[in-house]
Each structure stands twice: as C-alpha cells, then as structure tokens.
Amino acid sequence: MFHLPSALRRWETLLLAILAVVVLFNVTRSPFYLRIDNLVNVFELSIEKIIVALVMTFIIINGEIDLSVASVMGLAACVVARLHADGVAMPLAVLVALTVGLLCGAFNGFWIAYVGLPSLAVTLAGLIGYRGAARILLEDKSIGNFPEWFNALGQRPLVGPFPLALIVFFVMLIAAAIILQRTAFGRYVYVIGNNKEVARYAGIRVKQVKMRLFMASGLIAALAGVLLAARLGAVRGNTAEGFELDIITMVLLGGVSIFGGSGTLTGVALSILIILNLRNGMSLANITGNTQTGVIGALLILSVLVPNLVGRLRALRSRMRPATTGPTPQPAQEVEIS
Amino acid sequence: MIRLHKPIASLIVASLLLGACAAPVAAPQAPAAPAATEPPAAPAATQAPAAPSGEVVKAEPGKAVKMVLLPKFLGIAVFDQANQGAQEAHKELGNPEKLEFLGPTPENSVAGQIEIVTTAATQGVNAVMLSNNAGDQIVPAVKKAVEAGTKVVTWDSPIPSAEGESVFVAQVDFNETGKVMADMALSILGADGGKFAVLSASPDAANQNAWIAAMKEALKDPKYAKLELLDVVYGNDQSEESYKQALALVDKYPDMELIMAPTTVGIAAAAKAMTDEGLCDKVKVSGLGLPAEMVEYTKSGCAPEFALWSFVDLGYLTYYLTYLLATNQIEAKEGVKFKAGRMGEYTITKDPTREKGLRVLMGPFTVYNKDNVDK
C-alpha cells in the first residue's frame, strides 16, 4: 500500500519533466509563444474541455466513466440556441440548458448508482441519445445571432486579458482540489473507486456519492456547452462532437487509473498543461492535422503503457528476490532494471 | 467479478480512445457546401488602397506576404490539387515567404479550423485562404484575425454570414451545375431521351441537394422533355454503400439507362459497379467526378461524360486574389477587376447566394470525355 503514493509522485515528476521539455521547445521555436494573447489562447481554444476534465477526474477515480459529456455539452448548447431562436430570454434559456444537463446527469446516475448498470454502457447510450436530441432540436441548421453581451462573455476578456470561461476554470480547479484532497466526500470518492464492497461495509453511501458525481458531471458539461456556444457565437447539431475522447485523454495522461481508486488533480492539471501547450507549440510550428493527433496519441499510449510496465517489472523483481518468504525462486536469469 | 471486468473494460476504453487517433472515420463530404444564409451583422470595414475602379489590376510580383491555405481537412485529393494550384501561383508571383498548407483532421475539423485561424493571427500571417467547414462558428476567430490584420478569403465553401470574410471564390454557379448535369444526360441518352436516376451523397448534403434541385428545374425546359428522372437515392459518400445503391437501382428499374451521381465518391462507385457486373452496355454513368478516378471508366465507355471544375485552378485563382488583397493592390469591393495570371480577368461581384457577401465566380465547368480525361 505504501509504494502507491510514491509511484504517483514519480508519475507527476515525469509529467513535470515532459511539461518542461514542451515549454522549452515552444519558447525556443516560436517568438510568439510567450505573448500574453497566445498564452490566453492556449487555454481558451480548449477551455470547455478542460472544465469538464475536472469533473471527469472525480468520475474516473470513482471507478466509473462518463462518455456522454460531449453530447450533454452539445445538447445544452442546442437548447440555448433553440430557445433563443424561439424568442426566450437568454438568461432563462441558459437556466433551462443547465437544468437539462443536470437531468441528463441524474438519468445516467440513476441507472448506474441505483440499478447497478455499468457506466460504460449507460453513458454510451447517453452519448448517442443526447446527441440525437441535440440534432433533432437544430435539424440541419446553424443558429447564431445571440445577444451581444452573451457573445462578449464568450469571446472578449472579462478581467484583464482573461475571458469568463478561463476564470470559471481556475475557480473550479481550486474548488475541485479542495473537495477531492481535503474533504470526506473526496476520500469517499477514492475509497469507492478502490473497492465498492469495502466502502459499503464501511458505511459510505456509495449510491449517493455516485449519483452526485454524475449529476455534477451533467451540470458542468452543460455549463461548458453554454460557454462553448458563447465562444463560437453559433451552434450546430454536431457542436462539441468527439470532445469526450480528448477529455478522457487528459485525465488518463494525468495518471488517474482507469480502474479507479488512484490519481490526483495535480496530475490532471499537469497533463492538461502538457496537452494544451503541446498543441499550441505544434500549431505555432505549423504542424497540424494527423501529425498533431499522432503525437498526442503516442503520448496517451505511453501514459497507459508505462505505469503497467513499471508495475510488472516491480512485481517481477519482488518475485525474484530470494530474501522474502515466498518459494525459492529460480536462478535469476533476467537482467534487473533499476 | 472485478478481475474479469477490468481487462474487458480497459480494452473497450482503450479502443475507444485509440479511435480518437485513428484515421478518418466520417465520410468526408464532397467539398463545397453553401449553407443556409443567416442574417448577418455589420461587415468588416474595408481598407482604402488600390486602383481607380473599372481598371483591371495586374499583380505586381515579388512582395513578401505570409499566407496560409486552409482546407476543410487534410487527406482529400481535391484539396491537394487546390494546394498545387496555389503553389503554382505562389511561385509565379515570386512571393519570398513560404506558402503554408495547413489543415485539421476530418473528425476535428471545426475546432481545428478555429485553432489554425487563431494561431495564424498570432503569428502575424497576412492572409488565410479558407475552405470553411465550420459554418458561422468560425466567425469569432475570423473577426479576431481581421482585427489583428489578417485578411481572410474563402474558397470552395464560404462563411454563411460573410462576417470577417473579404471575398469568396466560388468554383461554379450552383444553378449552372443543374443545367450541366441535364445537358450531359441528354448528350449520353441521345435525342430520343430515356430514363435515369440520381445517386447522391447524403440526404442532408446542402450542396448536392441544391444541385439536384437545380437539375430538376432545368429539366422543365422542353429541350429535355424526353428525359425522365426515376428516383433519387443516397450512398452517403461511402464507396461501398454507393456501390450497393447503384446495383439496387439496376434491379429496381430494368429500363433505366443512366445513373447520374453529383458526387465524386458516388460516380466512381457506380462506374465500378456497372463495370464489375458487365452492365456498361445497358446503363451508363455520369455526374461530377475526378478525372484521375474516372480515366478507366471513361476510356471504356462506361462513363462517357462527366464534369468537374478544376481544383488546381481554384487554388490558383484564390492565391492571385488573396495576394492582391493582402498586398493592398486591390480592395474587396464590388466591381473591382483583376488579372489572375494564366486564367485571365475576373471581377468581384455581389454574391447572389449571401446577402452581405462578395464573390469571384471562377466557372465554367470542364466536361470530361475520352479525349481530355487523361490530359
């Protein structure tokens, strides 16, 4: 049990080293990288994804997954657009969209927490169903012409050079860090992710925790969808399509175990910084398209492979150590990797 | 239980995630989709350089302007051809800067185009040539780029509201497409006419639908009275599906003599289907196709005639116009005339399909047959 935290710390050290390399590469390769407007762009171009990545971290640590987030984002954006086009006041439209997101999350949560269906299946259904609803709302149209204040919130700086969504992200990051690392609820999230049965016998309300997590996921995804609508100034049925994969990538690269029970927000924050800065650096170096996708894909494969490989090597080494109480091992043939 | 689930779950998740890095899943839509026009807001202010109106401006070569050619996504032959044309013009005009050809992946097209426009503005690129795949969602990024001094010219597919866009270079008049298809049908079926069916892309592809509607309109002309349109079916721009749909048409309509496919994917699939099944003597194929993909079928007589505009020329013309705009030799204004190298003179006009837009119409179609298909 005690080697786990240190392994994680090592993972974060590795992330920090990767981040340093990426930043160094960017600084030396492009004179535009360190400009304030570019640094704001680094975040702004993916801001909705990283907001959702925060809540996805909780879900995956809890041993679940939410594949429906991008569809909820799209649905919320389409609800806002549809209602606006039908003459509903914008603040009310936003409120309805957030409520729809919350209900989507509650729907997912109900089947997962109370009926006991696997989240992979339930949220996959959500991914398809909520996207379908979004497409029905907008058909093949694009709806824009939002009020000026709404567009301004999405597209113009609010405080200093920072737009609203960036501020929302940083506030949520701090809140999430406190909840996950400093509260009882945060501890429950880990314990349930480690072993649901143990958690139940320890008196943790497993169902309630899961339900809350999925409702939060729906609500925050809807908020991100509304922010996306404001940033783009127009919405289509396919808005935010495919975002769930980028979001899950960020969380997994951050060292959160897909089996639940381990991972930290520090790791996820570092992974977000790596992916965003890597994308930006490659764009500034005029590397786009498949090369960019390939580099990030390779990074993800590494993030899944390395921890597993390290774990296996460690297991192998402890099996071969003669001092322990296990059966006498065969003569050590393999080379030890230290 | 848990031990059993983990490997399965991780396999599924891994394959889902890898899907994100894999090759294009979605069938790329044939280029050029004029979307529904939206009520636009204030247009971008134009600058005030340039020659007196009415005069044809000839480009002064050798000016250094950083330019980016941005297709809907990478990996599509016609966009590579557009790049080839743009590079040709780039060399001709002796622009000492490099012309970048940058594009997103198909599954990340909207976000990718926004990112590339934003980054171009940061880098101080003078002009972006955009085949827009993001509808009006690209507008905030384009407006910011224009504020930063980057000109945005669209080609192949415009910005619906025209906001931020200087000019749209249209390949052909969309109404003309319908007439060209009707003419080809008449030419293949002969004066006695005959029955034909349309194999289109997807039921909601805006451009194909507009072309088919235009063709139906053209067919009302008494000249085409002996042509009978049997059906319109959809192959969703997937080769295999289009292939099956073509064969299904043959089964359903024994007296059908022609399949008209206004999509490069559909026409090639239909021609292959007829060839494979030895049906070419009975059923001919026509529509919009890429010469490189159609050579075999045109030479064999299976697809005696088809049409397309040249994407090489589209890239070439777009580069000339953009170079002239970015170097302030002309301004984006109705009635401005310019010379585009080997392609001759063009005029900036109002875009009849978009309330606030300006366009340069390239036209006309090239009709390919066995004499010019491999040229």
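Student: Hi! Is the crossing of H3(A) and H13(A) left-handed or right-handed?
Tutor: Hello! The H3(A)–H13(A) crossing is right-handed. Keep in mind that this is a predicted model.

Student: Noted. At what angle do those two helices pack, and how far apart are their axes?
Tutor: Helix H3 of chain A covers residues 47–61 and helix H13 of chain A covers residues 265–284. They pack at an angle of about 155°, and their axes are 10 Å apart. Angles over 145 degrees count as roughly antiparallel, so H3(A) is roughly antiparallel to H13(A).

Student: Which residues meet there?
Tutor: From H3(A) you have A:Ile50, A:Ala53 and A:Thr57, and they meet A:Leu265, A:Val268 and A:Ile272 of H13(A). In this contact of H3(A) with H13(A), five residues are nonpolar, one is polar and none is charged.

Student: And how does H12(A) pack with H13(A)?
Tutor: Helix H12 of chain A, residues 243–253, packs with H13(A) at an angle of about 125°, with the axes 7 Å apart. The two helices are therefore oblique to each other. Their crossing is right-handed.

Student: Zooming out, how many helices and strands are in chain A?
Tutor: Chain A has 14 helices and four strands. Its radius of gyration is 22 Å, close to the 20 Å that the globule rule gives for 338 residues, so chain A is as compact as a globular protein of that length. Along the principal axes, the C-alpha atoms of chain A fill a box of roughly 80 × 55 × 35 Å.

Student: Switching to chain B: what is the strand order in the open sheet?
Tutor: The order is E1-E12-E13, three strands with mixed pairing. From one strand to the next, the twist averages 30°.

Student: Which strands stand at the edges?
Tutor: Strand E1 (56–58) and strand E13 (345–347) of chain B do. Each has a single partner strand, so one side of each is left without a neighbour in the sheet.

Student: How many bridges join E12 to E13(B)?
Tutor: Strand E12 of chain B, residues 337–339, is joined to E13(B) by three bridges, and the two strands run antiparallel. One residue to look at is B:Lys337, whose bridge partner in E13(B) is B:Thr347.

Key. Residues numbered from 1 in each chain as written. Chains lettered and ligands numbered in written order. Predicted model: local features only at pLDDT ≥ 70, side-chain atom pairs only at ≥ 80, totals over all residues. Axes fitted to C-alpha atoms, helices over the stretch in contact; angles between N-to-C directions. Parallel < 35°, antiparallel > 145°, perpendicular 65-115°, else oblique. Left-handed = near helix turned anticlockwise from the far one by under 90°. Contact = placed C-beta atoms within 7 Å. Nonpolar A, V, L, I, M, F, W, Y, C, P; charged D, E, K, R; others polar. Pairing = 2+ DSSP bridges. Rg over C-alpha atoms; globule rule 2.2 N^0.38 Å.
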